[in-house]
Every structure is written in structure tokens, then in C-alpha cells.
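Reader: I am new to this structure and would like to know what stands behind the words used to describe it. Please show it to me before I ask.

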Amino acid sequence: MPKQIHLAAHFPGVNNTTVWSDPAAGSHIEFSSFVRFAQAAERGKFDFLFLAEGLRLREQNGAIYDLDVVGRPDTFTVLTALAAVTERLGLTGTINSTFNEPYEVARQFATLDHLSGGRAAWNVVTSWDAFTGENFRRGGFLPQDQRYERARTFLETTHELFDSWRGDEIVADQASGVFLGDADAGRFAHSDAHFDISGRFDVPRSPQGRPVIFQAGDSDEGRDFAASSADAIFSRHSTKEAGQAFYSDVKGRLSTFGRSRDELLILPAATFVIGDTDAEAAELAHEVRRQQVSGQTALRFLEQVWNRDLSAYDPDGPLPDVDPVISEDHVAKGRAQVRMHRDPLAIAKQWRELAEAKGYSIRELMIETQSRQSFIGSPATVAATIDDLVQSDAADGYILVPHITPGGLDPFVDRVVPLLQERGVFRTDYEGTTLRENLGLAAR
């Protein structure tokens, strides 16, 4: 029996993957875009729709970074509205554990789970920069070890709130006039280094009991957090070798926390370009890459390593002959990618050697090194590739990120999903009514 593939759809939002300047692109704010995207995913029998989080407008060189989409509406509001226009699609929201409070987040997810009939999921993330923290009452941000410690206790506290109702407390006996059968319903008390709260949780037990928990970190702390507490992990490892290494590592950590390998799904993000033939898809993918990395975008990407204004340089010319500036004060504010450039001087050396060997300009180098396309080919090629990766334990499925919003998911739904169904590795209809049931996860 082959493994069944899980598929999800990421409404891409603010990054250069989204080609907002394409004539086929629509609004990234209007609700009609979210509706069309979600209904395409549900037509394809996808497990869930995924929303990332952005808590402050990104800046670079002291100005708002407006080469990509700017602005992102509130996650809970969008997902709650989508619950009314979908029936089976899971609704996954990224909510930060650094700046929020357990009671309000638990209340919002329990409410979403009720309104959607058991389709809520929470991608638990921590905040990494003080720039974003300036928007919040906490100010600043926590050191990395405290961010994950706060995330762990934040999640434990929300679980206590979710579990403060068993599900049988409401009797609503009209004859006797008794509504509540348990005087202790919703009672909770939690005290640790981060939270000291007590009282009564005011949302009765939801259809899933607890939302499905996602985690997105790739550090050792993030992997341990996922292995100890999450139902699924959202990763960046979409190639076979990288995916298998990540899959083996994270699944191997589960036993440390008394969990089996089936209790955590590995779901990398993946982009795609589909053509009638592999050659046509490759040509289209080249065009998409040039749309995603304009000359201006290439320079801004380079500045994120060089940490200096490079606007005077020609994106079709050679790399700068000056070295990156090493400083805690970075020209790019609010960009997670900056964290990946841990050794800018080493990256600059590597990129200079690559550019010289290949004869790359700045833009060509950025297209080569910043490419995020994962599946390129005819529908048959893409279906076979995804099937092979899942059967080879490089993943349990993929969270797909189209480059056009909101209609970019349609080619995958209409042309690749039927081929996966013919292979017997993807559902032809939803198995259950809750997201946990459709993901094959145990009830909580």
C-alpha cells in the first residue's frame, strides 16, 4: 500500500515568489481572492489552506520594501470568513507565541474550530527580531533560548485551556432549567516563569478538542519543539536529498518524547511550474524566475548579504568589489532571510567564485541562488516526482505555493491532482469532517 500524499495550499502573500505585476495576478487583500484560492484547494481535495504571518511592514535602506506585495490582513479574520465559504478544507493560521497571550489565542482558535466544524490548525512560531517587537506592548524581543521556552509553555498553557472543558458539561435541560452540568467547567490555573493566569476559559470544547498544531522552525530547538509537541512541521527542504535528511532527523527525535513516527507529518513548502511538456514548463519557469527577480529585486537581495546600499550598481553588471559590512544594525528590517546569512564574508566569496566561473551578472546570480521553484514539468512529470519524493520518505506531502494569486493553484488542481488520484496516492474525496481526520492524526 503506497503512502497517501498530503497536499496543502499556501496563499503566498509578501515575498518575491508572488508575481503581483503579472497581468493574471489579482488582489492580495480583497476577500474574493481568498475565496477563489480556498475553493480551488477544496475542489482539489487539499488538506488545508495555509496563511503565514507578517507583524510589521518590512523595510530596507530606511524605506518600506515595496518590490513585493506590501500588507497582510489579519489571519483569524480571514480564516473565520473562509470557514463560511468552504466545507472540508482545513484552515491553518500562523500565530506568534512571543507577542500574544495564551488566553486570547486559545479563545480565537477554539472559536475558529467551532465555526468551521473542526478544521482549525495553528502554526506556532516565535519572533526573532526587535524590529517587529516594536509594534507590540512587550517591546523588543526575547533571547532565542527564551523564545522557545516561552513557546513551549505558551502551547502547554493553551492546551490546559482547551482541555478545561471535557465536552459533556452543557446539558441545556429546558424542563429543569439546568444549562451547565459541571460547576467546574472551564476552570484553569497555570503558573510558570512566563504565565501566571487563572480563571475560567469561556469557549466550550470544540470539535477537535485542540487545533492541529504546526511548527515551522528549522533550528535544533525548533526541531525538538516540533518532535515534542507538533502534529506537523512546515519545512523548506523540498529537494530529495535535503528532504530525506530532514525527515530522518525529525522523525528520529520523536521517540525521545515518547511519540511514534506517525504522530508528526513532514510537509515542506514547494513551488511549481506546469506546462504541456517538460520543455514548455522549463521555458515558462525561466520566464517566471525573471519576473520574480527583477533587476531591482536582485540588488535588494544582494544588499541583504552585503548590508549596504548597492543601488548605484548595475544589476546586469558584476558583483561589487567591496566586502559586506559586518554589523548588528542591518539595512534589511523584518526579513527572516537575513538570519540565514550567518557568515556574509563567506557567502560573498562563494558567490564571487560562482559568478566568475559561470559568467553571471548580479541578476543572473540572484536568479540562480535565490530560486525557489521545486516542481517543473508536464503534469505527468510533476505527479511522478511528488509521488517518488513521498514514497522515498523525503516528505509526507507538500504545501504548494503558486506564483500567481489567486488563480495560480488551478493548473495543479485540474491537471496534476487527477494523475495522483489515478496512481492511488491521493484521495478522491475527503475521508472525514475534521482536519485531524483528513490528516490521519489521532483525536486530542
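Reader: Which helices each supply at least two residues of the lining of the second largest pocket?

Author: A word on the source comes before the reply: this is a predicted model. The helices are α7 (240-253) and α14 (435-439). The most comes from α14, with three residues. The volume of the second largest pocket is about 330 Å³. It has 19 lining residues, and the closest to its centre are Lys3, Gln4, His6, Leu265 and Asp396.

Reader: What makes a residue part of the lining, and how does the lining of the second largest pocket divide by class?

Author: A lining residue has an atom within 4 Å of a point of the pocket. By class, there are six nonpolar, four polar and nine charged residues in this lining.

Reader: What is the volume of the largest cavity, and what makes a space a cavity rather than a pocket?

Author: In a cavity a 1.4 Å probe fits but cannot get out, whereas a pocket is open. The structure holds two cavities of 30 Å³ or more, and the largest has a volume of about 100 Å³. Among the residues that line the largest cavity are Phe11, His28, Leu51, Ala52 and Thr75. Its lining divides into six nonpolar residues, four polar and one charged.

Reader: Why is Thr94 called buried?

Author: The relative accessible area of Thr94 is 5%. Buried means under 20%, so Thr94 is buried. Thr94 belongs to strand β5 (residues 90-96). Beyond its neighbours within four places in sequence, Thr94 is in contact with Phe50, Leu51, Ala52, Glu53, Thr75, Asn123 and Val125.

Reader: What makes the pair of Thr94 and Leu51 a polar contact?

Author: A polar atom of the Thr94 side chain lies 2.7 Å from the backbone oxygen of Leu51. The cut-off for a pair of N or O atoms is 3.5 Å, and the distance of 2.7 Å meets that part of the definition.

Reader: Which residues does the UniProt annotation "binding site" cover?

Author: The annotation, from an unreviewed entry, covers Thr94, Tyr148 and Ser219. Such annotations may be inferred rather than shown by experiment.

Reader: Why does Tyr148 count as buried?

Author: Tyr148, in helix α5 (residues 144-162), has 14% relative accessibility. The limit for buried is under 20%, so Tyr148 counts as buried.

Reader: Is Arg300 buried or exposed, and how do you know?

Author: Exposed would need over 50%, and buried means under 20%. The relative accessibility of Arg300 is 13%, so Arg300 counts as buried. Arg300 is placed in helix α9. Its contacts, leaving aside neighbours within four places in sequence, are Gln60, Asn61, Tyr65, Leu67, Leu310 and Ser311.

Reader: What covers the buried residues of α11?

Author: The cover includes α8 (278-292), α9 (295-306) and α10 (344-358). The buried residues of helix α11 (residues 362-369) are Ile362, Arg363, Leu365, Met366 and Ile367.

Reader: Why is Ala83 called buried, and which residues does Ala83 touch?

Author: With a relative accessible area of 7%, Ala83 is under the 20% limit, so Ala83 is buried. Ala83 lies in helix α2 (residues 75-83). Not counting residues up to four places away in sequence, Ala83 touches Leu91, Leu115, Ser116 and Arg119.

Methods
Residues are numbered from 1 along each chain as its sequence is written. This is a predicted model: local features need pLDDT of at least 70, side-chain atom pairs count only at pLDDT 80 or more; totals for chains, interfaces and linings use all residues. Side-chain values use heavy atoms; hydrogens and water are left out. Helices (H or I, at least four residues) and strands (E, at least two) are DSSP runs, numbered from the N terminus. Buried means under 20% relative accessible area, exposed over 50%, partly exposed in between (1.4 Å probe, protein chains only). Contact means heavy atoms within 4.5 Å. On a 1 Å grid over the protein atoms alone, a cavity is a set of points where a 1.4 Å probe fits but cannot get out, and a pocket is an open set with protein on both sides within 12 Å along at least five of seven lines; lining residues have an atom within 4 Å of a point. Grid points are joined across faces, edges and corners, and a volume is the space filled by probe spheres set on the points. Ala, Val, Leu, Ile, Met, Phe, Trp, Tyr, Cys and Pro count as nonpolar, Asp, Glu, Lys and Arg as charged, and the others, Gly among them, as polar. A polar contact is a pair of N or O atoms within 3.5 Å; within protein, one must be able to donate a hydrogen and the other to accept it, and residues adjacent in sequence count only if both atoms are side-chain atoms.
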